[in-house]
Amino acid sequence: MKFIHNLFLPLLIPASWVYGIITFFRNYCFDTGLFKSQLFHKPIISIGNITLGGTGKTPLVIYIANSLKKMGKNPGIVSRGYNRSSNGLIRVHDGNKLLVDVNIAGDEPYLIGKRLGNVPIIVSENKVHGIAELLKNNLIDIVILDDAFQHRKIKRNIDIVMISSFEKIKYYHLLPWGKMRESLYNLKRANYIIYSNTKEFEMPLIHNYLVKYIGNKSINSIMNPVLMKYDGLQYKKVNSIDKKVFAFCGIGTPKSFFSSVEELNLTIIGKKVFLDHEKYNSNTLKKLLFMIKDSNCTDIVTTEKDIVKIPDNFIKEFQFYVIKIDIMFQDERLIQNLVNEIFLN
């Protein structure tokens, strides 16, 4: 992939300039009021990022939804449902149960639905329609918009941008040259920047580069890995396993997964990295099966996002372990205070 990227670099650089001009004028139109944003009668929290790839949005969506429930609020979630097999507006969860499978919902909304269990979730390419449907059919106090920093057609009360501490400055060029969805200058729109995957809540190195764009709006977080044994029906927490494992994932930042594997003191005998949002069709599963058997390994470890897409008959052939990720803050009151701002103002 790196070779291909470098090969087409003479084309990618001018393409990123064109992309930059388009995003600049689009943001300009919203900033000056030429383009209007929809106002809803319920508070809205947007969680997004400024780069492609995994930054920890899903764990944060789950964390904030759980925090709101503990505060006596009734949150609902609207997501695009990236790479799902369906189109249009789909009700993923009605607040009582999941209504569709992972292929129709998309892996992240489906995972969020499984983790939360009692929060309504809608996927829609048109988030305005998604919010309207959510509010029409549910007693919702507050809406969580997943992956919506660039979705400026909706007014929000709080804009949160996630940035992974693993990100490299060399990728901070606009698409398709780099991984940025828009200029770093636009981070000024964010109310808060949350760094994920920090080491013991220390300020990441990337902050030295970004501080001129974000000022003092940053919050540090860590991703706490929890090892779970999964039999196809339920999860059971285990402290450790004294066996070599085959590790695989299909997420935006595979480095974070393998760091979690090492943090849990698991010994990897074989591994495979798939594309983000990998669908795990029959051909992919055949290749994965061959690699696992070739490594003479019966113990497998993967992510929550991947396990929801692996069929039961495949899981039953091995001992499957899943690394559950919980986002944590040094001061747990930070997010609670953030949410309180909405309802007090």
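How many salt bridges does the structure hold? The structure holds 13 of them, where a salt bridge is a side-chain nitrogen of Lys or Arg within 4 Å of a carboxyl oxygen of Asp or Glu. The model is predicted, so that local features need a pLDDT of at least 70 and side-chain atom pairs count only at pLDDT 80 or more, while totals for chains, interfaces and linings use all residues. Residues are numbered from 1 along each chain as its sequence is written, and side-chain values use heavy atoms, with hydrogens and water left out.

One of the salt bridges joins the side chains of Arg152 and Asp31, at 2.8 Å from N to O. Arg152 lies in the loop between strand E5 (142–146) and strand E6 (158–164), whereas Asp31 belongs to helix H2, so the pair ties together parts that are 121 residues apart in sequence. Helices (H or I, at least four residues) and strands (E, at least two) are DSSP runs, numbered from the N terminus. Arg152 counts as buried at 13% relative accessibility, while Asp31 is partly exposed at 45%; buried means under 20% relative accessible area, exposed means over 50%, and partly exposed lies in between, with a 1.4 Å probe and protein chains only.

A salt bridge of 2.7 Å, N to O, connects the side chains of Arg181 and Asp147. Because Arg181 sits in the loop between E6 and strand E7 (192–196) and Asp147 in the loop between E5 and E6, this pair ties together parts that are 34 residues apart in sequence. Here Arg181 is buried, with 17% relative accessibility, and Asp147 is partly exposed, with 25%. In the salt bridge between the side chains of Arg189 and Glu182, the N to O distance is 3.0 Å, and both of these residues are buried. Elsewhere, Glu108, Asp276 and Lys305 are linked in a network of salt bridges.

On the surface, Ile21, Phe24, Phe25, Tyr28, Leu34 and Phe35 form a nonpolar patch that has about 660 Å² of accessible area together. Such patches are made of residues with over 30% relative accessible area and no salt bridge, with like charges joined within 9 Å and nonpolar side chains (Val, Leu, Ile, Met, Phe, Trp, Tyr) within 5 Å; the areas come from the Shrake-Rupley method with a 1.4 Å probe, and for residues only the protein chains shown count as cover. Phe25, a member of this patch, lies in helix H2 (residues 9–32) and is partly exposed at 48%.

What of the space inside the protein? A search of the whole structure finds one cavity of 30 Å³ or more, and about 70 Å³ of space lies in the largest cavity. On a 1 Å grid over the protein atoms alone, a cavity is a set of points where a 1.4 Å probe fits but cannot get out, while a pocket is an open set with protein on both sides within 12 Å along at least five of seven lines, and lining residues have an atom within 4 Å of a point. Grid points are joined across faces, edges and corners, and a volume is the space filled by probe spheres set on the points. The residues lining the largest cavity include Tyr82, Asp107 and His277.

The second largest pocket has a volume of about 470 Å³. Of its 21 lining residues, Ser165, Phe166, Asn197, Thr198 and Lys199 are the closest to its centre, and strand E8 (218–230) and helix H8 (254–263) each supply at least two residues of the lining.
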